[in-house]
Amino acid sequence: MVQAIEGTSVRKAAPARRGRLRHFWRVLRFCLRFGPLMLATQAERRRRGGGDAEDFVRELQALGPTFVKIGQLLSIRSDLLEPRYLAALSRLQDDVEPVPFEDIRAVVEAELGCSITVAFAAFGPVPIAAASLAQVHAATTHAGEDVVVKVQRPGIKAAIDDDLHTLHVIARLADRWTESGRRLHFAGWVDAMGDTLAEELDYEVEADNLRVFASHLQGHPALFVPRPFPRLGSSRVLTMERVHGTRIPELAIADEDAANRATQLVQAYLEQIFVHGLVHADPHPGNVLLAADGRLALIDFGMVARLGPQIRSALLKLLCAAVEGDGERVAEIAAQLGERLGVYDELAWQRACTRVVGRYAMQSDGSAYPEGALMLDLTRLAGQCGLRPPAEIALLGKALLNLDGLCRLIDPRVSMRRIVREHAGSLARMRMQKRFAPTTLAAEAVNTVDFFGELPRQAHEILEHIAQNRVRIRLSGLEESRLLENLQKIANRIAAGLICAAMIVGAALALRTGEGPQLLGYPALALLLFLGAFLLGAGVVLIALRTDRRMSRYERRKR
């Protein structure tokens, strides 16, 4: 009996393993096909002729929900992809067939710990929206309140974990065996995407985001977010207030309050980015509703970004410098935020920043070069100049670009550039108020006391090390991994040269003795040694010429 059960489990596991293996090869083929496209330089893309952007998106959708989310994250990476790929990814949809209601009922009852009829007075069996990670149903509480219930699709977390494991295996191989992997560290990218997806799958985090954003919007009466119902939620079920309203793209004509709504919307997002550091990362028109009371409702807070104090301060300086037309200052701030690669061209980067920032600053209010487009252009130009920009600049560009589109839909007369310029002073004042808040001052006071308390002991240790000649200086400017790699290449060339010389000497000695089997009238051993030495020496010379030519090209770009 036990043997029969074990045989059945083995037979069931075998198709699952085969399915995972087939999926792994599909993912690997996709990475091999489109990976070089994303890593190529602009000149290499033009030489290769690029590829079909729509085919790229179709392949991404066919690989499943994990890759749909990856596509949405890639849609802001103008430093990796060409504009036509970004445009195709911006239209990426994750609409799927809805899950049967019985499966949804099972998830809700398991998460809430009671029957669905006990939790809700009414629960619509037909979803009002279905996506790759979740689907949404209309319901009514026993208090008579209309709500929507967001339910995670069964098995989606396990599927995403499998996909991330597959990507991590491929990323580790690329990091170990390719130059691009050693330079860009793909495994770190996969880990970051895994953290983003894990947070998006935790609906308790999204409910907390709703409460935090509600508090941040208290100074903007024209905006609000739906109220969550914590007692009717869990990590896989989110219940929130239902908003009855009109989607922004469906508005017929702007009313007299449209300009005020658009202005408050832009101001609120600027405060999210530069003051609070918690940003609604996907403010597209489908996530904003005009409620029946005339207010704008912001929905879907599963994907948010968190910005630290230093990056917020740097981004505000960068935006203010762009508004004032100071391209050199923009280039300086972006270079400080980004990572300078081996081919970084500082002069080309400054020229590029001066050109695009000047174009933005000199335009009129009605021109079609918004702030978001400027930021995305900066990320694209940074990649071309050998500077890896921080993801926060692309995030800022995407948010501002979506905001500009929203403002034009709400009221085409509103100038977002004017709002940014007028609100910059308020943002600086709010940051200063937050800087001098009682809790912040208390923390600074504690740090100051700790510093002066530790100063005598640390000074004594430094003087003691100097007196005993135990001072060590560590230089971190050297790229140890690159240095060791070059030393290993030099050692390999020396070893190959010595082997080649030994083979030539051996061949000469064998030719002099004339013993052994003969080939074309010469000792066969001598001919084989001469041939091996020739092939080895030719290979070393070709590799050296190719490497030196590549390094000289990089040096010319750096100059």
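Buried means under 20% relative accessible area, exposed over 50%, and partly exposed in between, computed with a 1.4 Å probe on protein chains only. The legends below describe a predicted model, in which local features need pLDDT of at least 70 and side-chain atom pairs count only at pLDDT 80 or more, whereas totals for chains, interfaces and linings use all residues. Residues are numbered from 1 along each chain as its sequence is written, and side-chain values use heavy atoms, with hydrogens and water left out.

**Figure 1. Overview of the predicted protein.** The secondary structure comes to 21 helices and 15 strands, where helices (H or I, at least four residues) and strands (E, at least two) are DSSP runs numbered from the N terminus. Of the 559 residues in the protein, 41% are buried. Among contacts (heavy atoms within 4.5 Å) with a separation of 6 or more, 66% are made by residues 24 or more positions apart.

**Figure 2. Packing of helix 8 against helix 10.** Two packed helices are described by the angle between their axes and the distance between the axes. Here axes are lines fitted to C-alpha atoms, for helices over the stretch in contact, and angles run from 0 to 180 degrees between N-to-C directions. The axes of helix 8 (residues 156-177) and helix 10 (residues 186-200) cross at roughly 165° and come within 8 Å. Helix 8 and helix 10 are therefore roughly antiparallel to each other; angles over 145 degrees count as roughly antiparallel, under 35 as roughly parallel, 65 to 115 as roughly perpendicular and the rest as oblique. The crossing of helix 8 with helix 10 is left-handed, a term for a near helix turned anticlockwise from the far one by less than a right angle, with right-handed used if the turn is clockwise. Helix 8 contributes Ile-160, Leu-164, Leu-167, His-168, Ala-171, Ala-174 and Asp-175 to the contact, and helix 10 contributes Phe-186, Ala-187, Val-190, Asp-191, Gly-194 and Leu-197. By class, these residues are nine nonpolar, two polar and two charged. Ala, Val, Leu, Ile, Met, Phe, Trp, Tyr, Cys and Pro count as nonpolar, Asp, Glu, Lys and Arg as charged, and the others, Gly among them, as polar.

**Figure 3. Packing of helix 15 against helix 16.** Helix 15 (residues 346-361) and helix 16 (residues 371-384) have axes that come within 10 Å and cross at roughly 170°. Helix 15 and helix 16 are therefore roughly antiparallel to each other, and their crossing is right-handed. On helix 15, Trp-349, Ala-352, Cys-353, Arg-355, Val-356, Val-357 and Tyr-360 meet Glu-371, Leu-374, Leu-378, Leu-381 and Ala-382 of helix 16. This contact has 10 nonpolar, no polar and two charged residues.

Figure 4. Side chains of opposite charge can pair when their charged atoms come close. A salt bridge is taken as a side-chain nitrogen of Lys or Arg within 4 Å of a carboxyl oxygen of Asp or Glu, and the count by this rule is 16. Glu-339 forms a salt bridge with Arg-388, with the closest N and O atoms 2.8 Å apart. The pair links distant parts of the chain, since Glu-339 lies in strand 12 (residues 339-340) and Arg-388 in strand 13 (residues 387-388), 49 residues apart. Glu-339 counts as partly exposed, at 39% relative accessibility.

Figure 5. An α-helix has 3.6 residues a turn, so residues three or four places apart point the same way. In helix 17 (residues 391-410), Arg-408 and Asp-404 are four residues apart and thus separated by about one helical turn; their side chains meet in a salt bridge at 2.9 Å, N to O. Arg-408 is partly exposed at 39% relative accessibility, whereas Asp-404 is buried at 10%. In helix 19 (residues 438-467), Arg-457 and Glu-454 are three residues apart, again about one helical turn, and form a salt bridge at 2.4 Å, N to O. Arg-457 is partly exposed at 42% relative accessibility, as is Glu-454 at 34%.

Figure 6. Most residues other than glycine have a negative phi, and most peptide bonds are trans. Asp-300 has a positive phi, near 65°, and is found in the loop between strand 10 (296-298) and strand 11 (304-306). Asp-300 is partly exposed, with a relative accessible area of 34%. Gly-64, which follows helix 3, has a positive phi near 115°. Within helix 3 (residues 53-62), the buried residues are Ala-53, Asp-55, Phe-56, Val-57 and Leu-60.
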